[in-house]
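Subject: A structure for you to explore

Hi there,

Here is the structure I promised to pass on to you. Have a look at it first, and then read my notes below.

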Amino acid sequence: MTTDYAPLASDRPAPPDPEMDALDFGPYRRTLSRIIAHEQTKTPLTIGVFGGWGAGKTTLLGQVREDLKENHITVWFTAWKYAKEDVLWRALLLRVVAAIRDDLERRPPEGQKSEAMQELEDLEETLYHAIERVEKGSLDIDWVGAGAGVAQTVVQGALASIPVLNLLSKVVDALGEDAAKAGPKRVLDAFKRAEKEVYSAQVQSLEQFENELRALIDKYIAPRRLVVFVDDLDRCLPEKAVDVLEAIKLFLDVEGCIFVLGMDRDIVTRGIQIKYGELGEMIDGELYLE
């Protein structure tokens with residue numbers, strides 16, 4: 001006995017083949033692809049593809065990428081897969097660097113391949129420098145400001161293997177009487193000054209990364225576009241999703257860059273308010289996202 005059977009769609013995103021467009025995304029696909037690729041579209045630009053889980057955002061983003069990847073550099077970043085990264089924006093920017101490297105390997109600039117690769121290595125080194133400053137910054141202490149009378153190099157060596165959460169109490173123990181004389185406020189102030197200095201160094205490195213990225217795009221990529229697809233942003237923990245948004249904000253003013261974000265708008269806006277805790281009542285998640 002046989003009966004007619006209409007097969008169910010699987011949980012996987014639909015393939016980008018326009019002949020298999022079961023969700024009938026053709027008009028949206030063509031519109032987005034033309035906007036991104038059109039020479040009169042001003043960049044930088046961010047495009048949001050909003051919808052609940054299972055609405056087909058990944059399918060649509062994949063279709064648009066298929067249309068663009070032949071003539072432009074495309075980067076696919078599935079945000080939730082990098083949720084365990086300490087610094088999520090690092091993973092995003094490394095994916096961007098990797099995509100540019102692949103493009104230069106496939107289409108080496110005439111007589112400039114070695115120069116282009118060296119510039120790309122310099123760009124990546126700048127990014128790692130920024131991250132290194134963030135990771136090591138918590139161990140920098142203003143010893144003079146803390147009133148320390150002990151040998152700085154000896155105590156720093158002793159602190160090298162101490163977990164960050166126990167660092168402050170161990171510093172006070174290491175400083176002994178000098179810490180008692182200085183008072184806890186001076187010790188805390190020393191940490192605050194150190195953090196400020198590290199943050200300043202990080203900002204300088206990120207600004208350098210941005211400037212070098214802009215120069216590299218102008219030299220080797222333009223008039224093509226660098227199109228970054230960020231998918232499943234709403235599946236990240238709130239603080240991770242906001243980290244990605246803030247990383248994108250850093251590079252919104254780089255001409256030639258376009259970001260396409262797939263997410264559930266309501267989930268991300270609520271995540272913004274969770275991320276900022278008490279400030280959440282003062283921050284409108286919708287306006288922040290815009």
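Predicted model: local features only at pLDDT ≥ 70, side-chain atom pairs only at ≥ 80, totals over all residues.

**The cores**

The largest nonpolar core has 46 residues. Within this core, the residues with the most contacts are Ile100, Leu226 and Val230. Which elements build it? At least two residues each come from strand S2 (73-78), helix H3 (88-106), H4, helix H8 (184-221), strand S3 (226-231), helix H9 (238-250), strand S4 (257-263) and helix H10 (265-275). H3 gives the largest share, 10 residues.

If you leave aside its neighbours within four places in sequence, Leu226 is in contact with Ile73, Val75, Val96, Ile100, Ile217, Gly256, Cys257 and Ile258. There is also another core, lying apart from the one above, with 14 residues. Phe25, Ile36, Leu60 and Val64 are among them.

Next, turn the model until you can see H9 and H10. Their axes come within 8 Å and cross at roughly 100°. Angles from 65 to 115 degrees count as roughly perpendicular, so that is how H9 lies relative to H10. On the H9 side, the contact is made by Pro238, Glu239, Val242, Asp243 and Leu245. On the H10 side, Val268, Gly271, Ile272, Ile274 and Lys275 take part. What kinds of residues meet in the contact of H9 with H10? Six are nonpolar, one is polar and three are charged.

Thr78 is found in strand S2. Is Thr78 buried or exposed? Its relative accessible area is 11%, and buried means under 20%, so Thr78 is buried. The side chain of Thr78 makes a polar contact with the side chain of Trp76, at 3.0 Å. Leaving aside neighbours within four places in sequence, Thr78 is in contact with Asp231 and Asp232.

Glu125 lies in helix H4, which covers residues 113-136. Its relative accessibility is 55%, and the cut-off for exposed is over 50%, so Glu125 counts as exposed. How far apart are Glu125 and Phe209 in sequence and in space? They are 84 residues apart in sequence and 9.0 Å apart in space, C-alpha to C-alpha.

Enjoy looking around, and write back with any questions!

Best wishes

Key: Residues numbered from 1 in each chain as written. Heavy atoms only, no water. Helix = DSSP H or I, 4+ residues; strand = E, 2+ residues; numbered from the N terminus. Buried < 20%, exposed > 50% of the residue type's maximum accessible area, 1.4 Å probe, protein only. Core = buried A, V, L, I, M, F, W, Y, C linked by side-chain atoms within 4.5 Å. Contact = heavy atoms within 4.5 Å. Polar contact = N/O pair within 3.5 Å; in protein donor to acceptor, adjacent residues only side chain to side chain. Axes fitted to C-alpha atoms, helices over the stretch in contact; angles between N-to-C directions. Parallel < 35°, antiparallel > 145°, perpendicular 65-115°, else oblique. Nonpolar A, V, L, I, M, F, W, Y, C, P; charged D, E, K, R; others polar.
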